[in-house]
Amino acid sequence: MEKRPSFEIYFGGPDKPAGYLRDILAEHIAAVPCGGSIDWVTYYFRDLRLADALVQAHKRGVRVGLSLAGKPRVPNANDAVIAMLSGPEGLGEGLRVVTLPGIPAPRGRSWKPQLHEKLYCFSHPKPIAFIGSFNPSGNMPEENREIIREIGDQDRGHNVLVGLTDPILSEQLVKHARQLQRMRPGLTYRFSAEANRTVNGADTSIYFWPRVRPHPVVQFLNHIGDNARVRVVASHIRTESAVDVMLGLARRGVALEIFADATSRRVTEKVEQRFSAANIQFRRVRDPEDLPMHLKFVLVEDNDKVWSIFGSFNWTKPSFWLNHEIAAISSNPMLFKAFADRCDVLEN
């Protein structure tokens, strides 16, 4: 008997209908019956129709829980959805607005942690937990083009949702979402067992941030063979320590390719210059309409083994040290092929 995949994967982008990924989430909301559950954690949420779909699910008897960033990088971006979901016809106690306290920073800088995870769990028609790069930050029809210019049109730009159906992974991701809904994580969260634990499924492991244990993606890359091939697809590369990791791979002989967002805010010119000086294959994914390349994944080929690494994490200081993030490292060959095929789309 053919083995059924333990995942579903969906890519949004200029080659897909506008709103393709938010429509996937809407379909899953509609499929959960009375007595079922929906558990979300997300950074940006501006899609009022999707918010109303959560309210309608709540009214028909679905247990709906949502943890949402209260003050993201664009501080008022989530205000309209928060007002809807916190009102008398909203989610009641199912809504948790999370604004994390900052930590002492040098003058002129802001070290402010963010709830940057993108996690969407559904109990029916089968338990599934989506992670990836997409948050529903658009609102069609869009009335505030200024916010979209700042955030990027995520309903049309490059994004991904990976639905994990392995019962171990989906159950533990639901547990994680509900822990965030019950209690606001504080500055000491990184020292907790929850932050530093690894969830191991059949072929995929899940990691959480912030943490005191070493960065699992960096640790993994540091242990691959010198003759490996690595493709990094990254919306954000800013911190020098991340660049050092990639330069270290290249110096060891790893065949390294980097696909980056076109904007210098997300991937700085200095980063590009360092890669160019090291003769690393680096390309910016540019779109005629300036749509964002918001993907965050790494592909590793080492001898006859392959891995895909994906989630909400960026190659930035806040992502490494402050933000709440989720990452997965998977040896599933079908999942690897799906990401590799998308890499070919970016390249061509």
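**Close-up views of a predicted model**

**View 1. Helix α5 and its N-terminal cap.** Asp-166 caps the N-terminal end of α5, with a side-chain oxygen 2.9 Å from the backbone nitrogen of Ile-168. A polar contact is a pair of N or O atoms within 3.5 Å; within protein, one must be able to donate a hydrogen and the other to accept it, and residues adjacent in sequence count only if both atoms are side-chain atoms. The model is predicted, so local features need pLDDT of at least 70 and side-chain atom pairs count only at pLDDT 80 or more, while totals for chains, interfaces and linings use all residues. Residues are numbered from 1 along each chain as its sequence is written, and side-chain values use heavy atoms, with hydrogens and water left out. Helices (H or I, at least four residues) and strands (E, at least two) are DSSP runs, numbered from the N terminus. Helix α5 covers residues 167–182; at 1.5 Å a residue its 16 residues should span 22 Å, and the end C-alpha atoms are 22 Å apart, which agrees. The expected span is 1.5 Å times one less than the number of residues in the helix. Leu-169, Ser-170, Leu-173, His-176, Ala-177, Gln-179, Leu-180 and Gln-181 are the buried residues of α5. Buried means under 20% relative accessible area, exposed over 50%, and partly exposed in between (1.4 Å probe, protein chains only).

**View 2. The largest nonpolar core and Ile-206.** The largest nonpolar core has 45 residues. Such a core is a set of buried Ala, Val, Leu, Ile, Met, Phe, Trp, Tyr and Cys residues joined through side-chain atoms within 4.5 Å. Ile-9, Leu-119, Ile-131, Leu-173, Ile-206 and Phe-339 have the most contacts inside the largest core. Helix α11 (residues 333–347) gives the most to this core, with seven residues. Leaving aside neighbours within four places in sequence, Ile-206 is in contact with Ile-131, Leu-164, Leu-169, Leu-173, Arg-197, Thr-198, Val-199, Ile-326, Ala-327 and Ala-328. Contact means heavy atoms within 4.5 Å.

**View 3. Strands β1 and β7.** Strand β1 (residues 7–12) is mostly covered, with six of its six residues buried. Phe-7, Ile-9 and Phe-11 point one way from β1, and Glu-8, Tyr-10 and Gly-12 point the other way. Strand β1 runs antiparallel to β7 (residues 159–164), and six bridges join the two. Two strands pair if DSSP finds at least two bridges between them. Phe-11 has Val-160 as its bridge partner in β7.

View 4. All of β6 (residues 128–132) is buried, five of its five residues. Ile-128, Phe-130 and Gly-132 point one way from β6, whereas Ala-129 and Ile-131 point the other way. Strand β5 (residues 119–122) is antiparallel to β6, with four bridges joining them, and a hairpin joins β5 to β6 through five residues. The bridge partner of Cys-121 in β6 is Ala-129. On pairing with β7, β6 is again in the antiparallel sense, over four bridges; here the bridge partner of Ala-129 is Leu-164.

**View 5. The buried side of helix α3.** In α3 (residues 79–86), the buried residues are Val-81, Ile-82 and Leu-85. They cover an arc of only 100° around the axis, which puts them on the same side of α3. The arc is that of the directions from the helix axis to the C-beta atoms. What covers these buried residues includes α2 (48–59), β3 (63–69) and β4 (95–98).

**View 6. Glu-150 on helix α4.** Glu-150 is found in α4 (residues 145–151) and counts as partly exposed, at 37% relative accessibility. Not counting residues up to four places away in sequence, Glu-150 touches Arg-73, Val-74, Arg-265 and Arg-266. The side chains of Glu-150 and Arg-73 are joined by a polar contact of 2.8 Å. Glu-150 and Val-74 are 76 residues apart in sequence and 7.8 Å apart in space, C-alpha to C-alpha.

View 7. Beyond residues up to four places away in sequence, Gln-154 touches Phe-134, Asn-135, Ser-137, Asn-159, Pro-292 and His-294. Leaving aside neighbours within four places in sequence, the contacts of His-324 include Leu-100, Gln-114, His-116, Leu-180, Tyr-189 and Trp-209.
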